[in-house]
Structures are given as structure tokens and as C-alpha cells.
Amino acid sequence: MNTQTDTVVSAPARIVSTAVILAAGRGTRMKSQRPKVMHPLAGQPMLRYLLDNAAQVFDRIVVVVGPDMDDVAALAAPHHVVVQMDRLGTGHAARQAEAAFGTGDVAVLYGDNPLITPGTMRALLDQRRSGDTGLALLAMEPADPARYGRVVTRDGRVERIVEWADATADERAIRLCNAGVLCADAADFRRWLNEVGNDNAQGEYYLGDVVARAVADGRIVRAVVAPEDELRGINSRAELAQAEACVQARLRQAVMDGGTTLVAPDTVFLCVDTVLEPDTVVHPNVVFGPGVHVKTGAEIHAFSHIEGATVGPDAQIGPYARLRPGSDVGAKARVGNFVEIKATTLGAGAKANHLTYLGNATVGSGANIGAGTITCNYDGVFKHRTEIGAGSFIGSDSVLVAPVRVGAGVITAAGSVITHDVPDDAMAIGRARQANKAGHAASFRERLKNRKERG
């Protein structure tokens, strides 16, 4: 891992704003081996949200990780990464990055507080630069203040942060709560960080103590109030679920604003990269995994799951359909109920209306895939392709054993097993000849009855 533990090359003079993201948390309360900031929201690690949003506001980003967090460092690239070898608190973590503060303004953010928007970050930076503000912090007024630290203010200034456990009854009645994010001039921030002590039960250096140092230094501290949903910290699986709900609400609103109809919005789950073009319709209980693009006029019916797929204009999907990665459904094509396709191209106007599996296949335009059809694409070692030509009619319950090519205009008889290529416009029948044996059913039942009576 390309990281630095003691020093970082000083930021060049042109760097006028730096965001330091603290991402060294183990996620102990999540009971997970995965670093906390790598847990996903809408299909994307939570740290990715903060990196992308901060990059729109700050000139420089520095990410503080813990030891053996190669995956976090890789996600943070190409930004500077420093390692907090000993986890001695948030103030200690911020101090690891001080050599990269530069000479402008520095904001310290938390990797497990990923939903802060660029607008709120700009408001924080603007407040710091407003003229008289030595330190700006983010605060919120949550519906349930619970055990958050309270922000005590007077005449628009922050006097102190009081932790819930130390607060009086009057202080606990304050609704303005601390979100922990701070912004100050780099030189001031360095000085205050180095003045923070660890004289507490945990023996740790807390970033929040910088507020007291700024006030003691005679500097004005002001709070920027932002929505609770943006400042929601994630320390448990329950809080991760709450953050997921916030992200989903944003994504749903965005696609509806963009011209998509969500029949029952709260039941539709999107990924951060889901693309739904205008005039698409999504019915209840649909899940979109990563890498989905649904084009204009397409309709996704209830209880469908789509991942890594493209759905063409005016196509119909579902209900109860599954599109797996590598699937490309053409214009006006149909994938019906209990149909699964993977790494398959379905040509324009092609239909697979029910009870079908198509894997590693190419289906020509206008082809009809009968109920119960399967492509046998896997031999236990390798995947093989099936090609079905334009305008072909694949009879119900057909089994296509890949690699195999079914030409254009072909008809396969229902119940056929197709193991060899079929030329254009041929009819393929791949089943044993039927034989009717008179009276054999009755004698068979009689034999079963006698066997049962004998025990």
C-alpha cells in the first residue's frame, strides 16, 4: 500500500482548501471484518460518496486510514493517504495529516458520515471565510437529539460543545447538536490540534476538543446548520439501514424528477449508477443492481431484479424477471415472468415470455422463445454460446445444448433437445418417437397395488 505514516510532502501554495477524511474506523459495532467505510450504500462504498462530493469543493483531499486497510487506500486513490498506526482518537487521526494541510483552509470530515452534500461543504467553507469566523462547524437539529453532543451558543456564537453524559438538564434540552465536522485556517488548526490533550477515561485525543481550544484562543466559532439526513453518522447496521433509506429517497426523487414513473416509489431500490431515461415506468418491488441502463419507454414490471444490464426502448420486463450481468434487451423486446437471462443479447422485438433461462446467448430480432426453454451453456468447466437467428420459433420445453447455432427462421419442435446446428428455415425435431402401448397403464397400476399389499 502506497501510504505515509509520518510525513507527507507539503501541499503547494496554490492549494487553498483541503479536506481531511478520517477513515480508520474498524466498524467494531457493526461486528464486521470489513472496514466501516467500505460498507455499501446503494451499491457503492460509503467512502466513495464523501470522496466524490468533497472533490467538487476542495482543492485537495487527504484520507486517514488504519493499518492493513489496503482496500480503503485503493478506493481513496489518487488522493493522498496517510496511516494512523495507533488509533488514539479522532484528534490524533487528524494530526497524522497535518503536514498536508497546506496554507489555506482545512475541513476535517468523517468517512462514516458520508451523505454531506457539496452544497453543505461549500456553506461550511464560506462561513469560515466570512471574515470573523475562526472556526466553523456543522450542526443539526435532529428529530430525536438522543445522546448527541449539544452545541451551546450565545448571540450566534458557539460557546462550547457539551457531551450528553456531561450535560445538565437545561443543556440536554438544547436541540442544536454537534455533527463533528470542523473547518479552520490550516495554521490555526495545526496549533489547536497539538494543544488537544488526552486526559480522559479513554486516553484518546478528541477532535471536538479543538472547539474549546479555539474559544480559549479568543476566536469566533460559528455553526452551520444542515439537514439531519446529511449529517447522519453510521456506526451500526441499524444506522447503515437508516442511511440507505436516505440515499434511496434521494435517488428515487432524482429519477422521478428526470421523467420516470415509479408506481410505488418506496418499494423500488436503485443503485447510485442506475440510469432510467424519461418515460420509463417501474412497477412495485423492483430491485436495480449496479450497472443498469433502462432506455426511454421501457416498462419494468413488479418483482423484477436487474443487474449489469441494458434495457432497450419500449421493452417490457417482468413481472418476476431476472436480468443478470451482460444482458442487453433490444427495442420492444419482451422478457416475461420467471425468465432469467445472463450474458445474453435479445434482439429487437424478440420475446421470451415465461419460464425460460437464456445464458451466454444471442437471440435475433423477432425470435420467439417458448415456455420452458433453456440454453445449456455450462459444461462444468467452460461457458459456451448459443446463437438463435432472427425470426426463429423455439418450441416450448426446448433444450439447446451449447455450443450450438440455430439459424434464422428455424422452428424447433416442442420438447426437443437440440445438440447440432440447425440451418436457416429448417425445422428441428430432437425427441424420441412416441409409442402408445394399449392397456399398459392399467396393468402397471395393478402391479403397484399388488406390491403395496405384499408390504
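In helix α6, residues F189, W192, L193 and E195 meet V210, R213 and A214 of helix α7, where contact means heavy atoms within 4.5 Å. By class, this contact of α6 with α7 has 5 nonpolar residues, 2 charged residues and no polar ones. Ala, Val, Leu, Ile, Met, Phe, Trp, Tyr, Cys and Pro count as nonpolar, Asp, Glu, Lys and Arg as charged, and the others, Gly among them, as polar. The model is predicted, so that local features need pLDDT of at least 70 and side-chain atom pairs count only at pLDDT 80 or more, while totals for chains, interfaces and linings use all residues. Residues are numbered from 1 along each chain as its sequence is written, and side-chain values use heavy atoms, with hydrogens and water left out.

Two packed helices are described by the angle between their axes and the distance between the axes. Helix α6 covers residues 186-195 and helix α7 residues 209-216; their axes come within 9 Å and cross at roughly 110°. Helices (H or I, at least four residues) and strands (E, at least two) are DSSP runs, numbered from the N terminus. Axes are lines fitted to C-alpha atoms, for helices over the stretch in contact, and angles run from 0 to 180 degrees between N-to-C directions. The two helices α6 and α7 are therefore roughly perpendicular to each other; angles of 65 to 115 degrees count as roughly perpendicular, under 35 as roughly parallel, over 145 as roughly antiparallel and the rest as oblique. The crossing of α6 and α7 is right-handed. A crossing has this hand if the near helix is turned clockwise from the far one by less than a right angle, and is left-handed if anticlockwise.

Strand β10 (residues 177-185) is largely enclosed by the rest of the structure, because 8 of its 9 residues are buried. Buried means under 20% relative accessible area, exposed over 50%, and partly exposed in between (1.4 Å probe, protein chains only). Strand β6 (residues 105-110) pairs with β10 in the antiparallel sense over 4 bridges, and V108 has L182 of β10 as its bridge partner. Strand β7 (residues 133-140) is also paired with β10 in the antiparallel sense, over 5 bridges; here the bridge partner of A136 is C183. Two strands pair if DSSP finds at least two bridges between them.

Antiparallel pairing over 5 bridges also links strand β8 (residues 150-154) to β9, with R150 opposite V162. These strands, β8 and β9, form a hairpin with 2 residues between them, and D155 in the turn has a positive phi of about 55°. The loop between β9 (157-162) and α5 (169-172) contains A165, which counts as exposed because its relative accessibility is 58%. The C-alpha atoms of A165 and T274 are separated by 43 Å, the two residues being 109 apart along the chain.

Most residues other than glycine have a negative phi, and most peptide bonds are trans. K31, which is not a glycine, has a positive phi near 55°. The loop between β1 (17-22) and β2 (40-41) holds K31, and this residue counts as exposed at 75% relative accessibility. D425 likewise has a positive phi, of about 65°; D425 lies in the loop between β34 (417-418) and β35 (427-428) and is exposed, with a relative accessible area of 64%. A cis peptide bond joins A77 and P78, with omega about 10°, and P78 is placed in the loop between α2 (70-76) and β5 (80-83). Another cis peptide bond, with omega about 5°, joins G318 and P319.
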